Amino acid sequence: MGISADSTVGGTIVTAAKRRRRLPAALTWLAVTPFAAWAVTRVAGLERGSLPTQLMTATPYAAAGSLVPLLMAALGRRRAATAVALVATAALGASVLPRALGTADATPGRPLRVLTLNMLFGRADPYAVMDLVHRLDPDVLSTQELTPGAVEELDTLGLKALMPHRVLQAEWSATGSGLFSKHPLEAMPELAPTVGHHMPAARIALPGGAAIEFVDVHPYPPLGPQAVEWSEALGRLPSASKDVVRVLAGDFNASLDHAPMRGVLSRGYKDAADQVGAGLVPTWPANKKVPPIITIDHVLVDHRVGVREVSVHTVPGTDHRAVFAELAVP
């Protein structure tokens, strides 16, 4: 049959829809699983041994990095992986973000200024240390890795006149530590752990009849077999007391992401930097080609103590930054 010239032939042109390519499920889970495992380990305090313990200090970076697999899973429409990634990110974020926000309330009380510094085998620049002492006017200076030579240098520059009261256990090694104070103090060796470097402790008599108990903290770093002694030393730090205000300050070789450190906090303490939103300011390593990356130097106070200010200061000659806290002691 013929077709007339004026007839038309119609129809609809159908174009096949392009399928959006998705990342393979195995690749998505490969990205999600490490962060999920990190979150479980951090929340449950499951880190064991030297390497996992050291890695745990990087939790703030893991919290930020966990957003990447979450985005991968969401864009790839992998529902199960997205759910797991979301929970991991939420758990890590909840562990880390409060340190940057701060929860401190105005608390009345007598001002108490605390300065703590690891002096790296006494190599910290004594002029820089004295500059901090003059500018910040601490009531107590807590030092770690304090050598007899460093004591002599600081005293020559005027520390003896400014802070004449002290409990010193200086050594020509990392073991040395010492407390310097404006106010009279009495050594309390029974308060200090017997595991780790020297950790002098003292009862400090404040003006007006008040007193505090102070421990200069410096456990071994959690390297190799020392991880066991590190955990044991933190476990032996004294709990907060109802009878007297206690302050623990120094190089804990631990961040707030370590289970033993959270164990110390659970015994009645709070981290001063955490209270004012400075809990993520790194303190180690200083004066290196890389910037400071982890926070292992702390001032811990019991829950009755107010925190007015916390600042971190770089001191030439040492690989730790100094931590200064202005407190309000009830």
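## What "buried" means here

A residue is called buried when its relative accessible area is under 20%, and partly exposed when the value lies between that and 50%. Keep this cut-off in mind as we tour a predicted model.

## His313, a buried strand residue

Let's start with His313, which sits in strand β11, spanning residues 306–313. Is His313 buried or exposed? His313 has a relative accessibility of 16%, so it counts as buried.

What surrounds His313? Leaving out residues up to four places away in sequence, His313 touches Leu132, Arg135, Leu136, Arg321, Ala322 and Phe324. There is also a polar contact of 2.7 Å between the side chains of His313 and Ser311.

## Helix α7

Now look at helix α7, residues 126–136. Its buried residues are Pro126, Ala128, Val129, Met130, Leu132, Val133 and Leu136. They pack against several elements, including strands β1 (110–118), β11 and β12 (322–329), as well as helix α8 (148–156).

At its start, a side-chain oxygen of Asp125 comes within 2.9 Å of the backbone nitrogen of Tyr127. After α7 comes Asp137, which has a positive phi near 55°.

Our last stop is Ala211 in strand β7, residues 211–217.

Beyond its neighbours within four places in sequence, Ala211 is in contact with Arg203, Ile204, Ala205, Leu206, Val244 and Val245.

Definitions and conventions
Residues are numbered from 1 along each chain as its sequence is written. This is a predicted model: local features need pLDDT of at least 70, side-chain atom pairs count only at pLDDT 80 or more; totals for chains, interfaces and linings use all residues. Side-chain values use heavy atoms; hydrogens and water are left out. Helices (H or I, at least four residues) and strands (E, at least two) are DSSP runs, numbered from the N terminus. Contact means heavy atoms within 4.5 Å. Buried means under 20% relative accessible area, exposed over 50%, partly exposed in between (1.4 Å probe, protein chains only). A polar contact is a pair of N or O atoms within 3.5 Å; within protein, one must be able to donate a hydrogen and the other to accept it, and residues adjacent in sequence count only if both atoms are side-chain atoms.
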